Each structure stands twice: as structure tokens, then as C-alpha cells.
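Subject: Structure handover

Hi,

As promised, here is the structure for you to open. My notes on what turned up follow below it.

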Amino acid sequence: MSAIPDTSERGVAGAGLSSTGRGHELRHKETANGDFAGDLLEVSMGPQHPSTHGVFRMDVTLDGERVVRLKPVFGYLHRNHEKIGENTAYLASMPYTDRLDYFCSLTNNWAYALTVEKLAGLQVPERAEYIRVITAELTRLQNHACLGGFLLQDMGASGTPLMYAFRERERILDLFESLTGARMMCNYMRFGGCRCDLPAGWLEQTRQVVDEFPRFLDEFEALLNENEILMSRTQGVGVVPRELAINASITGPMLRAAGVNYDIRKVDKYGIYDRFSFRVPLGEHGDIYDRYMVRVLEMRESLKILNQALRDIPEGPIVDPKARLRGFKPKPGEAYGRIEAPKGELGFYVISDGSTNPYRYRVRPPSFINLTILEDMCLGHEVADVVIILGSVDIVLGEVDR
Amino acid sequence: MLGEGIIKGMGETARNFFGSYVKEDRLTTVQYPEERLPQKEAARNFPFLVYDGKDWDKGLRCVACQICEKECPPQCIYIVKDATKKPDHIGKMQFQAKVFDIDISVCMSCQICVEVCPFEAIKMDVEYELSTGDRFGQLLLHKDQLAKSNDYYRKIHPTEAAEVDARMGAEKAKAEAKAKPAAATSATPSKP
Ligand code: SF4
Ligand code: SF4
């Protein structure tokens, strides 16, 4: 008995938790017969941990295997993106937006371009709008496919689903490379259009990739959807209730998995999304399985959009003739532009004072805001579940830390 | 039945595994460096300076206008103007760069310098095996390392280079057409 140190104070004062209001839960518990006093264990998961999708740290307080408290710690990848945006020309921030969510550089480009177009009143030509939709939906396909793979990787399905997803992603990245010159850091969209026109044969290659993608999806679903291990690990785990999701301004597939019908492509109809017919998949339970399924179904809807866009894309110019590369000075004013990025609502807020640099440049990153309810999702679950809950949020640390 | 889903999934992996022996599209690995994928025409890595003709120093198209230096987002270009001028492709006297350095350890391959350059002087290279043992010195490329011939440019980006050549040829033809009457008028003094 005396070998076990008296920990009745340590769990609270030692960890400095008494002021958080949850302190009373954190006191060590005595078992019914009173002879064993378990101590709370604080584990620092990350920042270099393969499950944290980048340099992200979680201070997890554990009672046995159960999580009683979780504190996310981030900022390891902070690059001062927003402040740099205020100190460079408008165009010079465009390549930096690639590095926000480096999986989806084309949607990041679009969100920023959309904001500045609002600010400067530029008109995007028809063909450029179609190119934007095509590239954005391809981005969504590869992001969701990889997220499925990563989620399974976190669950212990070492490699296989991820490899299949990466094989498909590679085809899409090849398309991006032949269009923009880079696989990930595309830097392709410009204020008022796109940087260059589609190279010869690009549309045919894209059509082929789009036609072959359903086969991958069928395989992926056959591999995973009814897998008992996947179901028992994910169903009922990491539930986000509807109200919490709305109150915490969660967006993207996470919100829709909770059953809220909110897709900015439908709500705002930015670009030319009003021309395409597609549905918004919704979940019911808000657990990890629903988040996974919503993404799989979203890929099918993206394919529908792609088929329509590839059919209808017109010829024509790709950039507004009023747009200028050098000496671009929008009139004073402010604009907030947002799009449905694969991870959620990606918004840019830009204030112009009429000079060459923005006066204020602010990013609303979906990964960061979706991460704020991580503790609510994890409490009461086991530490192995924390890893997959985090995986199902779909974060990219480039965007969380900016 | 419990386990049915897992067996179905195993069937998929088996299909992929055996498929990789018979079908090209299931086997996507490339054994670098023995095998290499073909370069995409639009591929870009780090910028280089284009020169015309044989002598790289004389043929450099850059006129040291320093626009790229100003617009480069991470500010990795460093230019010092030379006091002497040299003729450009249409025979106009232009400044030249005494120092033109690009720190490719900072460069983020964004291509903005290429887009803003009004003289088609800086283009994107496709070279990617650039590792060195020295982090600082060898990644700071000087003018002589950056200079590459127009033939090289035509080789790596044929479509783009053909457009540039056509544009510059047209400019040259226009300048010559303008120079001829000007030469003719200056040859016959108009003073009575
Ligand atoms: S490379 Fe082009 S933009 Fe840069 S200094 Fe030379 S001429 Fe000017
Ligand atoms: S590619 Fe971009 S970062 Fe590199 S030198 Fe040109 S402008 Fe600067």
C-alpha cells in the first residue's frame, strides 16, 4: 500500500488543471475496494507522430485508456502567411496559397482569386470558369480518395487502401502537371481567369481519368464499406451532434455527415455551379463512418459534375482582358470570398486601401475551425480512437498553422 | 455473416495483386533512376536566363529592368545593373545585368518572374537532380550558371518556345521595316 504514492493532489495541481473547470473529473479514482489508486497519465502525442498528419501535437490526459482531457497544440508550421500577404503584392500571395492546404492547391487558388475578383470587379470568362470547376472537382476527388486511404492507415490497415488511393491520385496529379507545370504547387489561377490555356489533348486525358475513376471507387467501396473492422472501429465513434457542429461553425463533409444540408456550391452558387446538377450527400449520425461515407458519395457527385463540365466546356479566352499582372491596384474596399474546398468552407478576407498590397489579408481555413471540437469528439473514447477521430477531421497542417 | 466484408475486401486486394502481373494500369511503380517517366512539357522547376547566339554573355536577353526582382514573392533574385549598354534583338541599346543571382534554395518555382518579364529573358528549367553537398554556395546560382541557350529552351518547352520565337521574330521584322524608311530618310538629308 505504502509503495503507491499519494497522488490525490498530483493529478490536479501537478498538471495545473484545477483552473480549467474540468479539474474535478481529473482527480485520481479509487476502485470500489479502495486499495488501488490509478494515476492520470499525460501523454504528449506529436508533433512528430505519424498519426497526426503533420506537425501537430495533442496533450492527452488518460485515465487508463480513456481520454479525459485533450488539448490540441499547434503552430509548429506557422509561416506568417497572413502577415506576408499584407506586405507583398496581390499576385505574390497566389503561390503562397498553394502551400495552405497543399493537397488542394487549385481550390486554394480559386478561393483567393474569387475574393480578389470580387474586390476588383473582374469578370471571369466562360472557359476559365469551366476550367476552374474541372480542376476543383479533380482536386476534390484526389483529396477525398487520399483521406479514405489515410483514415484506414490510421486504423492499422497498413498501406493497401492508401496505395490504391495514391495510384488514382497520381493520375490526377499527372493531369495537373501537364496543365500547370507542377503536381502540387500549381499556382494556376489568376485574377480574372487562369494562367494558361489547356494544352492539346488535355481534355481527352481528363475524360479518360474521369471515366476510369468509378472503377476505382467500386473497388474502394467493395474493399472497405462493409468491412467489419472498419465498421466496429468507426460507427458511433467521434460523434459530432448537429447542434455542436453548427455552433462550432464546422463546415464541409464533417458538417454534412452530421446531417446538415449546407454546401457552399449550392448555397452561394459561386462560379458556374448553378449549371450543374448534382446532389449533396448527407450523413445521419455524425460519426466517423458517416464522414467516410459522405466523402465517398461526394466523389461520385464530383464525377457527375466533371462529366457535365467536360461535355459543355466552350472555346474562348481564359482571362479577363481588364486584368493586369503588374501594378495591380484594386480600388479601396473589402471583400470576402468563399468556396467549398474539399475540407470545408475556405474563405479569404481582403481589404484594399488602393495600393499595390492588401491592407488586410486573412484566411478562414476549414481544417483549423473543424479542429476546434476535437476534444468534444474524443472525450470518453480510447486513445487509439483519438488517432482515427483526428484522421476523420481531414486536416492539413499547412492550413491549420498558416 | 461476420467476416463477409473482410473476405470481399481480400478479394479486391487479390485482384489488384494478381492484376499487377498482367495489366499495365495496375502496375504503376517506376524504378527510378533506371527508369524515368517522360517529362511533361509544362513542367517547371527553377528559372534560367535565355541567351541567343553563341556567346552567352553577349546574347543574354535580360535587360536588367529588375521587374522580376521586385515581383518575386520570396525575393530570391538579386540584380545589379551594368553601366554599359548592349543591343537587344531588335538592335535597340539596352542595359544589361552585371550581377544576376537566383538563390534556388529560396525560390519556390512559382513562375511569376517568367510571367512578368516583358523581354522573354527568363524561363523555367526542368532540371531536377540538383542535390549538392553545400547548402549555401552551390544553391546560389550566378549569371553564368543561369544562362542557357535558346536551343535548350526550344528543346524543353517546344510549344512555348515556338510562340516566343514567332513573337520576337515579328518584333524584329517590324523594327527592321521601320528602320529602313528611317535609314532612307536619314541618308537623304531633308534639309534643302
Ligand atoms: S529577367 Fe526579365 S524581368 Fe528580370 S531583369 Fe531581366 S529583363 Fe527584367
Ligand atoms: S520562380 Fe518564383 S520564387 Fe523563383 S525566382 Fe521566379 S518569381 Fe522568384
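How far does helix H5 (residues 105-120) of chain A reach from its first C-alpha to its last? The answer is 22 Å over 16 residues, close to the 22 Å expected at 1.5 Å a residue (the expected span being 1.5 Å times one less than the number of residues). Helices here are DSSP runs of H or I with at least four residues, strands are runs of E with at least two, and both are numbered from the N terminus.

Before going on, some housekeeping. This is a predicted model, where local features need pLDDT of at least 70 and side-chain atom pairs count only at pLDDT 80 or more, while totals for chains, interfaces and linings use all residues. Residues are numbered from 1 along each chain as its sequence is written, chains are lettered from A and ligands numbered from 1 in the order in which they are written, and side-chain values use heavy atoms, with hydrogens and water left out.

Back to chain A. H5(A) is largely enclosed by the rest of the structure, because 14 of its 16 residues are buried (buried is under 20% relative accessible area, exposed over 50%, partly exposed in between, with a 1.4 Å probe and protein chains only). Gly121(A) follows H5(A) with a positive phi near 65°.

Chain B has an open sheet of three strands in the order S2-S3-S5, with antiparallel pairing (two strands pair if DSSP finds at least two bridges between them). S2 and strand S5 (140-141) are the edge strands, each pairing on one side only. Strand S2 (residues 77-87) is joined to strand S3 (residues 93-103) by eight bridges, and Pro87(B) has Met93(B) as its bridge partner. Five residues lie between the strands of that hairpin, where Gly91(B) takes a positive phi near 85°.

Some backbone spots to look at:
- Tyr32(B) and Pro33(B) are joined by a cis peptide bond, omega about 0°.
- Lys269(A) has a positive phi of about 55° without being a glycine, and at 43% relative accessibility it counts as partly exposed.
- Ser109(B), also not a glycine, has a positive phi near 55° and is buried, with a relative accessible area of 15%.

What surrounds ligand 1? Its shell (residues with a heavy atom within 4 Å) includes Cys62(B), Cys65(B), Cys68(B), Cys117(B) and Phe100(B). By class there are 11 nonpolar, one polar and no charged residues (Ala, Val, Leu, Ile, Met, Phe, Trp, Tyr, Cys and Pro count as nonpolar, Asp, Glu, Lys and Arg as charged, and the others, Gly among them, as polar).

Finally, the largest pocket holds about 1400 Å³ of space (on a 1 Å grid over the protein atoms alone, a pocket is an open set of points where a 1.4 Å probe fits, with protein on both sides within 12 Å along at least five of seven lines, and lining residues have an atom within 4 Å of a point; points are joined across faces, edges and corners, and the volume is the space filled by probe spheres set on them). Of its 39 lining residues, Glu170(A), Asp174(A), Thr28(B), Val30(B) and Leu37(B) are the closest to the centre.

Cheers
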